[in-house]
Structure formats: structure tokens, C-alpha cells
Amino acid sequence: MAKRLTCDVVVVGAGMVGAACALYAARAGLDVRVVDRGAVAGGTTGAGEGNLLVSDKEPGPELDLALLSGRLWASLGGELGAAVEYEPKGGVVVARTPGALGALSGFAAGQRAAGVTAEPVGPDELRELEPHLATGMAGGVRYPQDAQVMPALAAAHLLRASGARLHTGRAVTGVLRAADGSVLGVRTARGDIHAPAVVNAAGTWGGELAASVGAALPVLPRRGFVLVTEPLPRMVRHKVYAADYVADVASDSAALRTSPVVEGTAAGPVLIGASRERVGFDRALSLRAVRALAAGAIGLFPFLERVRALRTYAGFRPYLPDHLPAIGPDPRLPGLYHACGHEGAGIGLSTGTGLLIAQALTGKTPDLDLAPFRPERFEPDGGTTR
């Protein structure tokens with residue numbers, strides 16, 4: 001018979017969000033175990049670009065979470081630094097036409113009122129910031145608070161820093177419950193792990209875990225592709241994207257949507273995104289999506305037409321219908337906490353999410369109001385935030 005393991009909290013999911021939950025729960029004094037059916041960063045995290053963004057978020061709960069997370073990432077960047085390839089390089093959003101620039105400027109004004117540093121940039125200054133950028137841009141906005149990490153490294157190092165005991169290759173097959181319905185831990189194919197709290201940080205598969213205990217959470221996969229170029233000298237200095245990217249992030253469409261997002265990395269390759277479409281868990285290569293990414297990137301940086309793309313990969317963003325993650329305790333099942341549904345922002349929002357979960361677990365007043373993120377908001381009588 002397998003030995004029964006016990007702890008204070010089980011985190012289901014060894015991606016970026018799960019790692020952050022483990023880190024802050026452990027730093028709050030809790031004994032933590034992390035369980036994943038695959039490897040560390042084996043799901044959405046390993047298919048991400050590592051963006052830590054405020055630039056693409058409108059004023060509201062998600063931006064508040066991004067600002068909190070950014071401060072925490074800056075602290076962790078000082079602590080872990082090069083180990084996670086933390087780069088506070090900033091972002092630049094560009095507009096091709098005066099009309100697009102006007103809309104971008106209005107968007108940035110609202111962000112500034114919410115605490116974001118958003119600096120208007122004219123065409124000449126754009127070329128100073130990004131010498132290889134295409135000519136003819138109307139202008140843009142620079143966001144110095146945007147940053148980047150290498151997501152797989154970051155997840156691994158946050159888990160290591162947490163000291164949490166890690167169980168990979170161990171699928172959770174059920175949530176254990178007491179006679180009164182409260183959580184007692186999780187069941188796995190290799191034995192039970194007993195704990196009075198379980199954190200659902202299963203990303204795109206978080207809806208399945210929630211459904212298994214009758215706590216509906218409508219997480220859907222939203223597929224995206226990334227192109228990776230050959231290693232280059234640093235020719236793209238910031239994260240650079242076109243203003244229409246923000247509209248694509250907020251879209252509810254299931255159809256393919258692409259908008260150019262280009263950024264260099266510390267290791268040399270340039271990463272090119274971004275595409276979004278709801279096709280279930282279909283990993284098949286979409287030449288239509290990849291060609292659109294390449295064309296969009298060349299439109300921003302013409303030199304990329306002469307650069308080889310070495311590979312492409314796909315991932316699934318955990319999408320919730322109102323574009324806000326589920327964070328906090330689930331009143332339908334005492335002891336169950338959710339930390340999933342961050343869509344494409346999970347890397348950036350992970351630290352704030354982890355801190356809020358740790359505060360909820362220990363009964364402390366959270367740094368942010370959890371009401372907009374409440375997991376039961378999708379129930380018929382639960383309401384939605386927007």
C-alpha cells in the first residue's frame with residue numbers, strides 16, 4: 001500500500017502559476033506539495049514567450065493584478081536575476097496610422113490614470129528606440145514597466161526557491177473530501193496526498209479538475225503559435241507589437257486572429273507571435289496562422305525577411321469568457337482554491353496570483369479585492385464581473 005503523504009496545501013499544476021502559488025504559500029509558512037501529471041512547465045508555461053506586461057491591459061482588475069505582479073517580479077528578478085533571464089526591457093506599442101495612434105493614445109491615457117507609465121513616442125523617437133523598425137509609423141507608446149523572463153526556467157527556479165516537495169508524472173485522479181464535503185487532499189494513481197487545502201493551478205485543464213468535484217469553471221483552450229528565429233545579435237530591443245494586438249487579446253471570437261508581436265531574447269533568437277483561435281486541443285500545425293505571423297513580423301521589422309525561422313510551437317491559453325482568471329477560495333467546496341484561467345497572461349500575472357492565494361490560505365487580508373476573480377461568478381446566480 002502506498003504511504004499516505006500529508007501537508008498543509010497541495011498545488012495541482014507545476015507551471016508558472018502553480019510555482020508562484022507554491023513559493024508564496026511556502027514563504028507564508030505552509031508545508032506545500034506540488035503535483036503535476038507531466039513535467040515542470042510541461043503545459044502552457046513551456047509554450048509561452050515569458051511576457052510580463054502591463055501595456056496590453058485596460059484599467060480594471062486585471063491591470064491591478066499586473067501592476068502588483070510586476071512589483072513582485074522585479075523583486076524576484078533581483079533575487080534570481082540571470083537564472084530566470086529576467087529582463088526589464090520595456091515594451092513599445094506602435095501605430096501605423098494617425099487614427100490608430102489616436103486610439104492608442106486614448107488607451108494609454110486611461111492606463112496612466114491607473115498607475116501605468118506610458119510614454120508617448122513620435123516617429124523619430126521610435127527609430128531611436130528600435131533602429132530596425134519599419135519606416136512610416138505614425139507613432140507609439142513606450143511602456144518601461146513591461147519585462148520578460150524565460151518561462152520554463154522561471155517556473156523551475158520558483159519551485160526550487162519554494163522548497164515545496166514536487167511530484168511530477170503523477171496525475172490527480174480525484175479530490176478527497178470529508179463527510180461534511182470539505183477538501184481532504186487529492187488522489188493520484190500513486191497514492192493519496194492529504195491536506196486541508198487544494199489549489200487548482202492546472203491551467204487550461206483547470207476546468208476539468210473543477211468539474212470533477214462539481215464546481216463548474218468554464219476554462220477553454222485558446223491555441224496560439226510562436227515562431228522562433230535563428231540566434232541573432234540584439235536587433236529588437238523591446239517587446240514590440242502593433243496597437244491592434246490589444247483588441248485581439250480582448251476578442252471573444254473563436255476564429256483565427258493574428259497581430260504582430262516581436263521580441264528579442266537574452267539567448268539570441270527572436271520570438272514572433274501572436275495568434276489566437278479556439279480549436280479545442282488540436283496541436284496540428286496551421287500554415288495559415290504561421291504565415292500570418294511571419295508576414296506581420298516582417299511588416300514591423302523588414303530585416304526578418306532575410307532571417308531563418310528555426311521552429312514553431314503551439315500552446316493553449318486557458319481562456320475564461322470574461323477574460324479574467326479565477327483566483328481564490330471556492331465557496332462551493334471548502335478547502336478548494338482556484339488559480340487558473342489567465343489566458344495568455346499567466347506568466348506575468350503568476351506572482352500576484354501566488355501572493356493572493358497565499359494570503360487567502362492563511363486568512364490574511366489580500367492585497368487586491370478578490371471579488372472580480374471569484375470562481376463561482378459563472379454560476380447562474382453568481383453574476384459576472386463584465
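## Exercises around strand β20

In the hairpin of β19 and β20, six residues lie between the strands, and G335 has a positive phi near 100 degrees. Strands here are DSSP runs of E with at least two residues, and helices are runs of H or I with at least four, numbered from the N terminus. Residues are numbered from 1 along each chain as its sequence is written. This is a predicted model: local features need pLDDT of at least 70, side-chain atom pairs count only at pLDDT 80 or more, and totals for chains, interfaces and linings use all residues, while side-chain values use heavy atoms, leaving out hydrogens and water.

**Exercise 1.** Find the strands that pair with β20 and a bridge partner in each pairing.

*Solution.* Let's start with the rule: two strands pair if DSSP finds at least two bridges between them.

- Step 1: β19 (residues 326-329) runs antiparallel to β20, with four bridges. I327 has A339 as its bridge partner in β20.
- Step 2: β13 (residues 198-200) pairs with β20 in the parallel sense over three bridges. Here V199 stands opposite Y337.

**Exercise 2.** Decide which way the residues of β20 point, and whether they are buried or exposed.

*Solution.* Buried means under 20% relative accessible area, exposed over 50%, and partly exposed in between (1.4 Å probe, protein chains only).

- Step 1: L336, H338 and C340 point one way, while Y337 and A339 point the other way.
- Step 2: Five of the five residues in β20 (residues 336-340) are buried, so the strand counts as mostly covered.

**Exercise 3.** Name the residues that touch the most other members of the largest nonpolar core.

*Solution.* A nonpolar core is a set of buried Ala, Val, Leu, Ile, Met, Phe, Trp, Tyr and Cys residues joined through side-chain atoms within 4.5 Å.

- Step 1: Among the 66 residues of this core, the answer is L158 and V199.
- Step 2: Not counting residues up to four places away in sequence, V199 touches (heavy atoms within 4.5 Å) V9, V10, V11, V12, C21, Y337, A339, I357 and L361.
- Step 3: Another core lies apart from it and has 28 residues, including V92 and L227.

**Exercise 4.** Work out why one side of β1 and of β10 is left without a neighbour in the sheet.

*Solution.*

- Step 1: Four strands form an open sheet of mixed pairing, in the order β1-β12-β11-β10.
- Step 2: β1 (5-6) and β10 (172-177) stand at the edges with a single partner strand each, so one side of each has no neighbour in the sheet.
- Step 3: Between them, β11 (residues 183-188) and β12 (residues 191-194) pair antiparallel over four bridges, and R187 has D192 in β12 as its bridge partner.
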